[in-house]
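Let us walk through a protein chain, one contact at a time. Keep the sequence and the 3D view side by side.

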Amino acid sequence: MRKRFIPDRLIYAFSIQLVVMHIKKNQLMLLYWVILFGFISQSFSKRFGIPYLFLDPEYLGNVDILSFFIIGIACGVFIMAFNISSYILNSFRFPFLASLSKSFQKYTFNNFIIPAFFLALYILEIIYFQYVSQFKSLLDIILYITGFLSGVFLVIGFTLRYFLLTNKDIYKLFGVEHADALHIKEAAIEIPKLKSRSRRKKTQNSKIWRVDTYLVMPFHTRLVRSTEHYKEYMLQSVFKQNHINAAVMELIVFTIFILLGLFREYEYFQIPAAASVMLLFTMFIMLSGVFRFWLKSWASTALIVLFLILNYFSQFEFFNQRNKAIGLDYTPVRKEYNVAALEKSLDVALIERDKRSTIAILERWKRKWQQQGVEKPKIVVANISGGGLRSSLFTFRTMQALDSVLNGKLMDHTRLICGSSGGIIGASYYRGLYLERKDELMDLPSPASDQFLNNIAKDLLNTTAFSFTVSDIFLNMQSFKENGTTYYKDRGYAFEKQLNENLAQVLNKSLGFYKEPELRADIPMMIISPTIINDGRAMMVSPVGISYMLQQPSGQASSLKPTPDAIEYTRFFADNNPLNTRYTSILRMNATFPYIMPAASLPTTPAIEVMDAGIRDNYGILNSVRFLFEFREWIQNNTSGIVLIQIRDTNKKSTTQNQSLSTILSKLTAPLRNVSGNFILMQDYAQDDYLKYLEAIVDCPFDFVDFQLPQMEEKIALSWHLTEKEKQFLRGAIHTEENKKSLEKIGKLLNYHVPVKEIADTTSI
């Protein structure tokens, strides 16, 4: 009998029964824990860098004890929201709680298993990440953990103190003695009777859970006493006033969240994004708890009805604000977007005029080389891959290395830059610095040049994610007006603002700012081509006329009449002042990965939305082929050949997807996973064909030079955040044997003979 008695006390311990109860009754509440566990263990969303928000939080541009302290506060708030909501929903299952003093504190103390396991895993992950990926010292890591735990326990202590001061127990309400005030020996004598009563009561009321023991501070075990001698209304009164105090705490958290959204423009309110995610989950837990508490079994039905209502109203722009390209005028009547309008844009006279204008640019470029004694220069075309911040940094570093070989003449040789996403951001930053701060850019060993690398590597994810959590998923009412158009301050706006701050306002220009420098051939032309997701066409963006880029090239004698597969941004929206569009908005549209940033809506009927250029052409090869085909005759007669540079953030010689035996879930997801995973490879196959065809047509030397990012042990996330380890890897990636050979090849092709070993290397990022 004794042997069975001890296991029963363990099995029916309050802490164990709470975990069982959560698994059985509160799956939705546990879902938030599962998501957070996935984030901190890097099991969920690692590809997009979301775990970095939790393991390397930034506040005021720094990762320090303060940023971890704020994360700790948010984590503590989430833990206490979990305890409060579960107490409200489940305390009636454990009526003995109402007979105890400090019932909520005892409930929280016994509900420790899930939060304690989460905190332990979180701390271990922080230590590993900061040491291995951020190269932090042991002292720094200790400070981070101290800040984190201080925030957690500050909130827990404050909340428990609040409930201690405001909650009234059964003694204060009715003068009845607490069940835990009796000596533990007396409780032990009644255990056999209690067990029989517990079983009998559970038979009468299946909602009441059997509990034999519970924990009290500091880790003492006490036996549960029967509550049959208490009146039912007494127990309910205790729970009711506990619920009221819990509702006050929920209101405080909700108010904090609203304030963060209202004042997010001020940097001191821009808390680490991971903290905002935890506060968001906190609010969801509390709201769902309120729904379930008040609506009982109708809660699920009510949530479904609420979702249907919200879904209906979301079709109206007031409830679903569209993201806009900042600077573009949305006040004129929307233009019809249909096949007739697209075909109308293919005006033969306009195309010929734009061709002559581009040839004039090429002639000015040629004359500049002739003044330097080069009669027929080689024309360089750069194709840049997308890939988030990893591509931005690798592209910028590769361009630095190329200028080391070419004596600072990379931009002078290059006539066209095409590509997508982060790579084009890196190339745009390099081109912008060349235009405004050329001397500093060319002085590679200088502190200024090293700072440029620092700037392009700075975090963009935290601000974007913070804006998403505190405003975008709710009704975002913050906006500003420019030239009569209202623009909402969503995560797209936050991304652009942070990008400009990171890059010291170098790209804080309008699209039209680059028109004259391109016409004068001071800088290369750059064609940016985000994808129109309505029909898969490209939106060709350039400050100069490029109507010749709007359909596939075909021979003069061809009977094929290609369908227009693109629109020209500046011409199609000529009535909307397109040259006033912020250049960062153009870059952002070109780098809009699904869900990470909002698709920009343009003023057409029906409204078209644009997203990442990588959906259609990750490397800009299609644009380069079209451009070179259109001007092949001029190139053949006026240059000594074409050099096509490709800067890739992935290796072309990738491994084959593993199709060996796997789990059922893996088999179900394999078709979609493999197609999406091989999406860029499939573009490679098709684009290699285009390049080979073009090489066969163009009657001049045609050379290809690839710069490829080598594979890291752990693949660098497609994210707007980089770890210190990743930054150092990306900076040094240009020095692989393969990339050194490419640098040597470029030097020989363009008649420079700088030994690769002499390429200037910047100091650490």
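D522 is partly exposed, because its relative accessible area is 23%. Buried means under 20% relative accessible area, exposed over 50%, and partly exposed in between (1.4 Å probe, protein chains only). This is a predicted model: local features need pLDDT of at least 70, side-chain atom pairs count only at pLDDT 80 or more, and totals for chains, interfaces and linings use all residues. Residues are numbered from 1 along each chain as its sequence is written, and side-chain values use heavy atoms, leaving out hydrogens and water.

What does D522 pair with? Its salt-bridge partner is K368, with the closest N and O atoms 2.6 Å apart. A salt bridge is a side-chain nitrogen of Lys or Arg within 4 Å of a carboxyl oxygen of Asp or Glu. This pair links distant parts of the chain, 154 residues apart. K368 sits in helix α16 (residues 348–370), and D522 lies in the loop between α24 (515–519) and β9 (525–528). Helices (H or I, at least four residues) and strands (E, at least two) are DSSP runs, numbered from the N terminus. K368 is partly exposed too, at 29% relative accessibility.

The structure holds 16 salt bridges. Another joins K409 and D412, with closest N and O atoms 3.9 Å apart. Here K409 is partly exposed at 23%, while D412 is buried at 16%.

Now turn to helix α5. Of its 26 residues, 22 are buried, so the rest of the structure largely encloses α5. At its start, a side-chain oxygen of D64 comes within 3.1 Å of the backbone nitrogen of L66.

Note on methods: Polar contact = N/O pair within 3.5 Å; in protein donor to acceptor, adjacent residues only side chain to side chain.
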